[in-house]
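I opened my notebook to look up a few things in this structure. Here is what I wrote down.

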Amino acid sequence: ISTTIASAVEEQAAATKEVTANINGTNQAIGDANAAAGNALTASDGLAKNASELEVQVDKFLASVRAM
């Protein structure tokens, strides 16, 4: 009986290590996804700023062309 119990304890320990490794991998993936989302947000903010600046420049250009 003690051999059976020892074997079951070893199997449970191995299963616990595997679950822990999977949780750690998931946490890493979540961290990576969070960082990527932050980078995408930063890039999108930059693009919005550039689009606004371009709109101002195009409006100025068109005003100067119309004034000719």
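I take the radius of gyration over C-alpha atoms, and the globule rule is 2.2 Å times the number of residues to the power 0.38. By that rule a compact globule of 68 residues would come near 11 Å, but this protein has 29 Å. I then looked at the box that the C-alpha atoms fill, and along the principal axes it is roughly 100 × 10 × 5 Å.

A note on sources: this is a predicted model, where local features need pLDDT of at least 70, side-chain atom pairs count only at pLDDT 80 or more, and totals for chains, interfaces and linings use all residues. Residues are numbered from 1 along each chain as its sequence is written, and side-chain values use heavy atoms, with hydrogens and water left out.

Next I checked the fold. I found one helix and zero strands (DSSP runs numbered from the N terminus: helices are H or I with at least four residues, strands E with at least two). Val-58 sits in helix α1, residues 2–66, and Asn-50 lies in helix α1 too.

How much of the protein is buried? Buried residues make up 0% of the 68 (buried is under 20% relative accessible area, exposed over 50%, partly exposed in between, with a 1.4 Å probe and protein chains only). I noted Val-58 as partly exposed because its relative accessible area is 36%. Asn-50 is partly exposed because its value is 47%.

Last, I looked up a distance: Asn-50 and Phe-61 are 11 residues apart in sequence and 16 Å apart in space, C-alpha to C-alpha.
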